[in-house]
Amino acid sequence: MTDAKKQAALDYHANPIPGKLSVELTKPTATARDLSLAYSPGVAEPVREIASDPENAYLYTGKGNLVAVISDGSAILGLGNLGPLASKPVMEGKGVLFKRFAGINSVDIEVNAESPQAFIDTVARIADTWGGINLEDIKAPECFEIEQALIEQCSIPVFHDDQHGTAIVTAAGMLNALDIAGKSLDSARIVCLGAGAAAIACMKLLVSCGARPENIVMLDRKGVIHSGREDLNQYKAMFAVETDKRTLTDAIEGADAFVGLSGPGLMSADHIRSMAANPVVFACTNPDPEIHPDLAREARPDVIMATGRSDYPNQVNNVLGFPFIFRGALDVRATRINEEMKVAAVHALKDLAREPVPKEVLEAYEMDEMRFGPEYIIPTPVDIRLLERISSAVAQAAVDSGVARKPYPSHYPLKTVDDVYGG
Ligand SMILES: NC(=O)C1=CN([C@@H]2O[C@H](COP(=O)(O)OP(=O)(O)OC[C@H]3O[C@@H](n4cnc5c(N)ncnc54)[C@H](OP(=O)(O)O)[C@@H]3O)[C@@H](O)[C@H]2O)C=CC1
Ligand SMILES: CC(=O)C(=O)O
Ligand SMILES: [Mg+2]
């Protein structure tokens, strides 16, 4: 970023008041009567109701439309382990996206925990307060243990966005990009740079969608994850392949697709030049991708290129997933977000990219045209139809797979965020 853009980003966060979110009132509070209902003595009535049946919390408090965004700051975007407090702008940002795109209230919580168990214990103790928990920017491998333990201990959806939100959006984008390239997932050779939270989840979901494990080469800081390595944790070991390739240069030659979930500037023009025809390059590290889109296009005019950023075409970013996935899960009071719900989200997102783009989206992006093709493989986050399509698909999948505690919502499909509380 230029110095001017850096300053603009700081000014945006600082002015006119610090931060990006505030809390608003939903009930009248002007009179003594209002206050006697909102607080003492009236507040005692819902207290008694919730004490007699915890389900009443959904009736009398904001729980049902409230998601906690929780991080330890150990993998903030691609910036690394900068600690809990430094993660707060990102967590507030996730709250902005929850509210703006899906009408969901959120609170960000940055936890200073000395161990995964301390983090788990902290979150488990406050879990009943929320309708759902979005874990964010927690590094691998600790994130896997943390998420699994919290799913087991909590009766509300617990979802590590960097794993599953990213995987859902990557799978939708990859299916479309390969289709445009004239290829298919079941025969594509895929190189994944990174073997952390996002990378492991993305490759697992791509395999569920039809990619062949033997066609995937994953790399971490030490190079290719191959079966001769003895330093692999159980998550990386799932992707160990029999190969004599050792470096990114070895692995990328002739590959159909590259997925970068690692660090900035790690892919060169030579790497991309050595890929197969119509290469698909998802350089998804934020804020600075593995290779800049301009450099990629210069090296390979036939590239189908995506980044995690809003300022280039094809934003493959979990913002296209988590607001709408939680919307659907909350509205049927799902106990968890399962594989069926994730796959439903992949297909809803993938299919929407093939439809004509509304004029509001063109205006927001100052474009005359956006059409399914190399420069438009996936919808943009401002597309209001995401709310309708993904939330509906996820809610239906929750009902069909038996994790919903309420029927498919009668106020669906949602056309705007003003509709989220129903009529
Ligand atoms: N576009 C999007 O929607 C999203 C993008 N991301 C991006 O993905 C990246 C990883 O995030 P996340 O998975 O949460 O973090 P993790 O800390 O869990 O994983 C980081 C992974 O990157 C690998 N890595 C780092 N540097 C290198 C390098 N020089 N060469 C090869 N591998 C390297 C690490 O290797 P090792 O295991 O050896 O340490 C590790 O496997 C971030 O940049 C983040 O911005 C994440 C989520 C969503
Ligand atoms: C987008 C996101 O969640 C990340 O880069 O970590
Ligand atoms: Mg993240």
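In an unreviewed entry, UniProt lists residues 18-151 as "domain: Malic enzyme N-terminal"; UniProt positions are in the numbering used here, feature names are shortened, and annotations may be inferred rather than shown by experiment. This is a predicted model, where local features need pLDDT of at least 70, side-chain atom pairs count only at pLDDT 80 or more, and totals for chains, interfaces and linings use all residues. Residues are numbered from 1 along each chain as its sequence is written, with chains lettered from A and ligands numbered from 1 in the order in which they are written.

Residues 18-151 are 42% helix and 12% strand, and their end C-alpha atoms are 34 Å apart. Helices (H or I, at least four residues) and strands (E, at least two) are DSSP runs, numbered from the N terminus. The protein chain has 17 helices and 10 strands.

Now the domains. The assignment, automatic or from a database, gives domain 1 (27-160) and domain 2 (161-423). Their centres, over C-alpha atoms, are 26 Å apart. Contact means C-beta atoms, placed from the backbone, within 7 Å; 29 residues of domain 1 contact 32 residues of domain 2. On the domain 1 side, helix H5 (88-102), strand S3 (132-135), helix H7 (142-153) and strand S4 (158-160) each supply at least two residues. H5 gives the largest share, four residues.

Last, the overall dimensions. Along its principal axes, the C-alpha trace of the protein chain spans about 75 × 50 × 50 Å.

Note on methods
Two residues are in contact if their C-beta atoms, placed from the backbone, lie within 7 Å.
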